[in-house]
Amino acid sequence: MKVVNISELKIISAPIREKLIDFGITSLNELTTFHTSPKKCFELSSDSGIPIKELRWIINIALFSQIPGVGVNHSLMLIKIGIDSVEKLARCEADRVLFDMALYNESQAVLPILPSLLVINRWIKDAKAILEEQELTVSE
């Protein structure tokens with residue numbers, strides 16, 4: 001799994017990147033643990049001054065980055081078409097996701113090439129696996 005450093009992630013504003021780094025969070029992978037602990041998420045928001053809504057958005061980008069083949073641009077597009085969490089992706093139909101991505105890309109030209117239906121099916125399968133793994137981790 002590719003590690004995405006917070007300092008390199010230009011979709012996050014420089015002040016927010018600096019606040020995350022000040023709190024010892026240097027990669028997107030480190031943010032995924034906050035998804036299973038709302039208390040930790042609220043504490044980070046409160047202690048760092050990062051608005052909770054923005055922090056949750058960054059955490060969702062981090063979770064999407066755990067899915068092989070989902071890059072930052074894919075993550076942003078998923079969020080723009082209303083799939084703003086791994087939970088929502090896990091409940092999606094691949095053909096609908098592809099259709100919505102194609103519509104959005106037609107107007108915004110975010111991706112040079114859209115993923116195939118097979119790839120989106122794999123994303124959905126991987127999203128379900130991530131959720132199952134998190135359930136096991138939380139219940140242990």
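The structure is a predicted model, in which local features need pLDDT of at least 70 and side-chain atom pairs count only at pLDDT 80 or more, while totals for chains, interfaces and linings use all residues. Residues are numbered from 1 along each chain as its sequence is written, and side-chain values use heavy atoms, with hydrogens and water left out.

The chain contains 8 helices and 0 strands, where helices (H or I, at least four residues) and strands (E, at least two) are DSSP runs numbered from the N terminus. The pattern along the sequence is α-α-α-α-α-α-α-α. The radius of gyration, taken over C-alpha atoms, is compared with a globule rule of 2.2 Å times the number of residues to the power 0.38. For 140 residues a compact globule would have a value near 14 Å, and the 15 Å of the chain agrees with this. Along the principal axes, the C-alpha atoms fill a box of roughly 40 × 35 × 25 Å.

Of the 140 residues, 40% count as buried; buried means under 20% relative accessible area, exposed over 50%, and partly exposed in between (1.4 Å probe, protein chains only). A contact requires heavy atoms within 4.5 Å. Among contacts between residues at least 6 apart in sequence, 52% join residues at least 24 apart. Lys and Arg were counted as positive and Asp and Glu as negative, without His and the chain ends, and each charge was placed at NZ of Lys, CZ of Arg, CG of Asp or CD of Glu. The mean positions of the 15 positive and 18 negative charges are 3 Å apart.

A nonpolar core is a set of buried Ala, Val, Leu, Ile, Met, Phe, Trp, Tyr and Cys residues joined through side-chain atoms within 4.5 Å. The largest such core has 40 residues, of which Leu20, Leu28, Leu31, Phe64, Leu78 and Met101 touch the most other members. At least two residues of this core are supplied by each of helix 1 (14-22), helix 2 (28-31), helix 3 (38-48), helix 4 (52-65), helix 5 (72-80), helix 6 (86-90), helix 7 (94-108) and helix 8 (117-139). Helix 4 gives the largest share, 7 residues. Not counting residues up to four places away in sequence, Leu28 touches Val4, Ile6, Leu9, Ile58, Ile61, Ala62 and Ser65.

Asn60, also in helix 4, is buried with a relative accessible area of 14%. Beyond its neighbours within four places in sequence, Asn60 is in contact with Asp84 and Ser85. Ala94 belongs to helix 7 and is buried at 5% relative accessibility. With residues up to four places away in sequence not counted, Ala94 touches Leu117, Ile120, Asn121 and Ile124. The C-alpha atoms of Ala94 and Trp123 are 8.8 Å apart, with a sequence separation of 29 residues.

Two loop residues were also examined. Ser27, in the loop between helix 1 and helix 2, counts as buried at 5% relative accessibility. Ala109, in the loop between helix 7 and helix 8, is exposed, with a relative accessible area of 62%. The phi of Ala109 is near 50°, a positive value in a residue other than glycine.
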